[in-house]
Every structure is written in structure tokens, then in C-alpha cells.
Amino acid sequence: MSLATVHSRTLDGLAAAPVTVEVHLANGLPSFTVVGLADTEVKEARERVRAALANSGLGFPGNKRITVNLAPADLPKEGGRFDLPMALGLLAANGQIDPARLAGLECAGELSLAGELRPVRGALAMALALRQAGAGRELLLPEASAAEAALVDGLVVRRASHLLDVVAALQPEGEALPRAAALPREAQAGLPDLADIKGQAAPKRALEIAAAGGHSLLMVGPPGTGKSMLAQRLAGLLPALDDEAALESAAVLSLAGHFDISRWGQRPVRSPHHSASSVALVGGGSPPRPGEISLAQHGVLFLDELPEFPRAALEALREPLETGRILISRAARQAEFPARFQLVAAMNPCPCGHLGNPLRACRCSPDQVARYQGRLSGPFLDRIDLLVEVPVIPPRELQDLAPGEPSAAVARRVAAARERATARQGTANAQLQAQGLGTHAVLEPAAKALLERSAEKLGWSARSFHRVLRVARTVADLAGAELIGTAHVAEAIQLRRALPGAA
């Protein structure tokens with residue numbers, strides 16, 4: 001048989017689009033041509049496949065005119081994932097393996113020159129797409145990638161470490177390749193404890209509210225007050241991911257090759273450097289790759305030294321903070337990635353960092369302070385739920401303070417508040433839509449009057465008004481209250497202060 005077909009998939013955003021690898025052998029001048037909008041990495045597969053077949057003792061049809069078509073032709077293909085499908089298609093077209101055994105398989109894998117199988121990106125995305133398609137085919141991957149794909153239930157994933165293992169299994173009398181098993185879920189360990197931070201009761205309370213409602217948080221204070229330490233402890237307060245959310249988070253990390261099987265089920269924490277570009281934060285490139293906001297799916301995105309980030313990068317976060325997704329549009333194609341992350345940021349109040357510091361005088365002029373804080377636009381700050389000041393604690397007082405409350409105790413209160421919100425509205429309070437606030441965020445008459453007066457006096461936008469209402473709903477959930485009272489609203493208003501010195 002001179003024509004063989006092998007099924008595979010290519011990454012298209014978070015999706016894994018099906019690709020049919022067609023291999024045709026014909027008489028004529030010897031050549032090896034790959035068509036179908038293949039990237040340079042895919043075209044280089046010709047040499048890897050040729051060497052892998054030769055070094056594995058398998059015949060390569062070098063005296064034939066070889067044509068490999070990757071269909072559909074208008075879908076870009078990239079990476080080394082098509083090495084294994086090409087090699088199997090060549091062997092089937094040359095009569096060295098049974099083509100009928102390929103019909104029930106989808107495969108991907110990069111080949112070394114010796115025929116060993118190397119892992120590929122996006123194994124989880126391939127497994128999810130195959131399960132959703134319901135094609136009834138098995139998935140064949142290199143060992144490392146197979147363990148990752150096996151996390152998807154309801155799918156048969158086969159693993160192999162060498163091309164010869166695959167060829168032996170595809171013979172008419174060959175035994176099936178071993179089935180991949182997902183590694184057991186490990187308990188989240190090694191997270192920093194909130195008890196390490198002495199004092200700072202107000203920022204700790206803000207951190208608890210942010211964790212309970214999924215709210216974004218900006219901490220402002222002089223250097224060394226514990227802003228970064230507080231942010232690093234947020235992940236330890238958040239409830240554990242359920243299997244579906246863990247799968248979504250892992251699938252995005254798998255696209256970028258950052259997924260670690262030992263961290264399955266743990267919330268990702270991303271903390272890019274302040275020199276990161278807007279493409280690094282929200283995603284992009286050709287082909288489009290997920291950015292930090294997508295890699296932090298269902299986790300925490302920590303931006304330290306917030307005003308030092310490029311203005312364009314921060315402005316690019318505005319839509320994802322509202323919608324929970326990012327749509328990257330290019331002239332030839334579009335790619336959509338999830339971006340349901342929790343933003344935690346930290347900044348100094350002024351260029352020298354000591355505005356409001358009782359121990360050191362600030363040497364910045366009012367214009368310098370205004371310019372520094374002006375790097376954060378009003379629309380961007382309007383999308384942040386909690387803005388708290390982290391004050392300086394003198395060293396003498398710090399030594400005498402007792403250790404703080406451990407993360408485990410706070411996490412129990414956070415979990416109870418999240419359960420109340422989920423039972424009431426099916427989602428965290430930060431994701432509660434405006435049309436649902438009237439039903440799920442009911443205010444007592446005095447609390448309603450206080451919120452309305454504050455909105456008028458402080459000049460809030462409708463977005464700010466709704467965000468304060470969501471925070472008040474979270475405060476009430478932490479207190480176990482059904483209605484939002486005056487104390488809950490007052491605390492939510494206090495947690496949305498202006499930047500110090502901004503006036």
C-alpha cells in the first residue's frame with residue numbers, strides 16, 4: 001500500500017485541532033516533501049524521521065517520491081509533535097506495519113535521531129479535545145506526556161519510550177502498548193505560613209477577604225513592610241481546586257510546557273518581573289502562546305513593584321480582569337485563552353518609597369509623587385477591589401509582637417465563606433455579575449444608605465460601586481450573615497482607600 005493515514009492534533013490556542021497526516025509513496029526522483037502550512041520545526045522532521053528509522057533498523061523508502069500532507073491545509077502546524085505520525089505513516093505506506101491498526105489511534109511525539117520518543121507540549125489539551133470529540137480512538141504519547149494526558153478520565157492513553165516499541169505493537173500479532181496511569185495527587189505542602197508575619201492586622205484581614213471572595217488586591221507601603229510576604233501567603237489561604245478546575249489550570253500550563261505533574265491540583269502562583277512586556281503578560285506571538293494571566297488560571301498573579309511595569313502591559317490587563325478571558329487577534333487567525341486569575345499587586349507610595357514612613361523622611365516632591373502614582377491609570381485602579389496600606393512597624397515593637405494566626409485557621413474561615421457563596425450563587429463573589437447583585441447581595445436599609453452616601457461623596461463609578469458591594473458581600477459571608485449590614489459595608493469602604501499622598 002502506497003498511501004497511509006495517521007491521526008494527530010495540533011495546538012490552536014487552548015484547543016487541539018485534529019490533523020490528518022497523509023503519507024504517499026510514488027515512483028519518481030527520490031524526494032521528501034511536507035505540505036500543509038507546516039512550520040520550520042515541522043519541516044525539519046524529515047531529517048529526524050529519516051535518521052530515526054535508519055538507526056532503529058527500520059527500512060526507509062529512500063528510492064521513492066515521499067509526500068506528507070498535513071490536513072487541513074489552512075491550519076498552521078508547529079513543533080516536533082508530528083515526527084511520530086510521519087514515521088508511522090511512512091512505515092504503513094511501505095508495508096512494514098499494519099495500516100488497520102493505525103485507524104484507532106491518535107498519536108504525537110518528537111523523535112530523537114536514535115528513535116527515542118521525547119515529550120511534547122499540550123498533552124492535556126490533546127486529551128481533552130479527544131474526549132470531547134468522542135471519536136473512540138486511543139491516544140499514543142511518549143511516556144512523560146502520557147502520564148500528563150492520563151489525568152483526563154474516560155480516555156485510553158498508551159505510552160511508549162521508543163519507536164521500535166510502537167512498531168512492535170502495531171504488527172498483526174503485536175501486543176498492545178502499556179496503558180499510562182496518572183500519578184497520584186499530592187497534598188499541597190511547603191507553602192509559606194501567615195504566622196510568620198507579625199502585626200499587620202489590617203493587611204492580613206484584607207488578604208483573608210481577598211481569598212474568601214476571589215478579589216483583586218493592591219498593597220501600598222514603604223519597602224520592607226511585608227507586602228511581598230503577604231502576597232506569597234495568599235495561595236495557602238485559597239480553597240483546594242476541584243478536579244475540573246485543576247484540569248483547566250493544568251491544560252494551560254501544559255501548552256507552555258510548564259506543567260509539573262507533581263503539582264497537580266495545586267493553585268499556580270505566577271510572579272513575572274516588572275520588565276515583562278504586554279505580550280508576556282496577556283499572551284501573543286506567532287503562533288499565539290498563553291501569557292502570565294492565562295498561566296495563572298485559577299491561581300494567583302503577583303505583580304511586585306507595580307508602577308515599574310510598562311504602561312501598555314498594565315493597560316492590557318483591564319479587559320481580562322473583567323471578563324476572565326483574553327482573545328488574541330492577528331491578521332490571519334484568533335486564539336482565545338482563559339484568564340480567570342486573582343491579581344495581587346504591591347507598590348511603594350512614592351519614588352523613594354518612604355512617604356508616610358515614621359522612621360524616615362520622604363524626599364520626594366508632590367509632583368514626583370503624583371507622577372509616580374500616575375503611572376497607574378484611573379481605569380486600571382477602578383478594576384482593583386481592595387486597596388490597603390501596609391504601614392511600617394518599628395523594629396523595637398516588631399520584636400515584642402507575638403506570632404500571627406496560622407494560615408490553616410484563616411483558610412478554614414475562607415473555605416466556609418466560599419462554600420456559602422457557592423451554595424447561594426454558584427460562584428465566588430468577585431465573579432458575581434451585576435444583574436445578580438440585587439438578588440444575592442441584599443443590603444439592610446441603613447447599610448444601603450451608607451453605601452449610597454459614600455458613593456456620592458467619593459465620586460465612585462458604577463463599577464466601583466458594584467465592586468464595593470461584592471466586597472461587602474464577602475465580609476458578610478465571613479461573618480456568617482445573610483444580609484449585608486452597616487459594619488460590613490463600612491469595612492468594604494475602608495478597604496478601598498485612595499493612594500496615600502494622591503490628593
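Trainee: Which residues line the largest cavity?

Mentor: This is a predicted model. The lining of the largest cavity consists of L11, D12, G13, E78, R121, L255, P287, P288, R289, P290, R333 and F337.

Trainee: Which strands each supply at least two residues of that lining?

Mentor: Two are β1 (3–12) and β13 (289–290).

Trainee: How many residues of each class are in the lining of the largest cavity?

Mentor: Count 6 nonpolar, 1 polar and 5 charged residues.

Trainee: What volume does the largest cavity have?

Mentor: About 90 Å³. With a threshold of 30 Å³ or more, the count comes to 1 cavity.

Trainee: Now the open sites. What is the volume of the largest pocket?

Mentor: The largest pocket has about 940 Å³. It is lined by 39 residues, and the closest to its centre are R340, T427, A428, A430 and Q431.

Trainee: Which helices and strands each supply at least two residues of the pocket lining?

Mentor: The helices are α13 (318–323), α17 (407–425) and α20 (462–479), and β17 (342–347) is a strand that does likewise.

Trainee: How does the lining of the largest pocket divide by class, and what are the numbers?

Mentor: There are 14 nonpolar, 15 polar and 10 charged residues.

Trainee: On to helix pairs. At what angle do α7 and α17 pack?

Mentor: Read the angle and the axis distance together. For α7 and α17 the angle is about 40°, and the axes are 8 Å apart. That makes α7 oblique to α17. The crossing of α7 past α17 is right-handed.

Trainee: Is α19 roughly parallel or roughly antiparallel to α21?

Mentor: Begin with the angle. Helix α19 (residues 445–458) and helix α21 (residues 486–494) cross at roughly 20°, and their axes come within 8 Å. The cut-off for roughly parallel is under 35 degrees, so α19 is roughly parallel to α21. The pass of α19 over α21 is right-handed.

Trainee: Which residues make the contact between α19 and α21?

Mentor: On α19, take A446, A447, L450, L451, S454 and L458. On α21, take T486, V489, A490 and I493. The contact of α19 with α21 divides into 8 nonpolar, 2 polar and no charged residues.

Trainee: What angle do α2 and α3 make?

Mentor: Helix α2 (residues 45–55) and helix α3 (residues 83–93) pack at about 55°, with axes 10 Å apart. That makes α2 oblique to α3. Here too, look at the handedness: α2 passes α3 in a right-handed crossing.

Trainee: Which residues make the contact of α2 with α3?

Mentor: A45, R48, V49 and L53 come from α2. D83, M86, A87, L90 and L91 come from α3. In class terms, the contact has 7 nonpolar, no polar and 2 charged residues.

Trainee: Last, the backbone. Is the peptide bond from A71 to P72 cis or trans?

Mentor: Check omega. For the bond from A71 to P72, omega is near 5°, and the bond is cis.

Trainee: Where does P72 lie?

Mentor: In the loop between β4 (65–71) and α3.

Conventions
Residues are numbered from 1 along each chain as its sequence is written. This is a predicted model: local features need pLDDT of at least 70, side-chain atom pairs count only at pLDDT 80 or more; totals for chains, interfaces and linings use all residues. Side-chain values use heavy atoms; hydrogens and water are left out. Axes are lines fitted to C-alpha atoms, for helices over the stretch in contact, and angles run from 0 to 180 degrees between N-to-C directions. Helices (H or I, at least four residues) and strands (E, at least two) are DSSP runs, numbered from the N terminus. Angles under 35 degrees count as roughly parallel, over 145 as roughly antiparallel, 65 to 115 as roughly perpendicular and the rest as oblique. A crossing is left-handed if the near helix is turned anticlockwise from the far one by less than a right angle, and right-handed if clockwise. Contact means heavy atoms within 4.5 Å. Ala, Val, Leu, Ile, Met, Phe, Trp, Tyr, Cys and Pro count as nonpolar, Asp, Glu, Lys and Arg as charged, and the others, Gly among them, as polar. On a 1 Å grid over the protein atoms alone, a cavity is a set of points where a 1.4 Å probe fits but cannot get out, and a pocket is an open set with protein on both sides within 12 Å along at least five of seven lines; lining residues have an atom within 4 Å of a point. Grid points are joined across faces, edges and corners, and a volume is the space filled by probe spheres set on the points.
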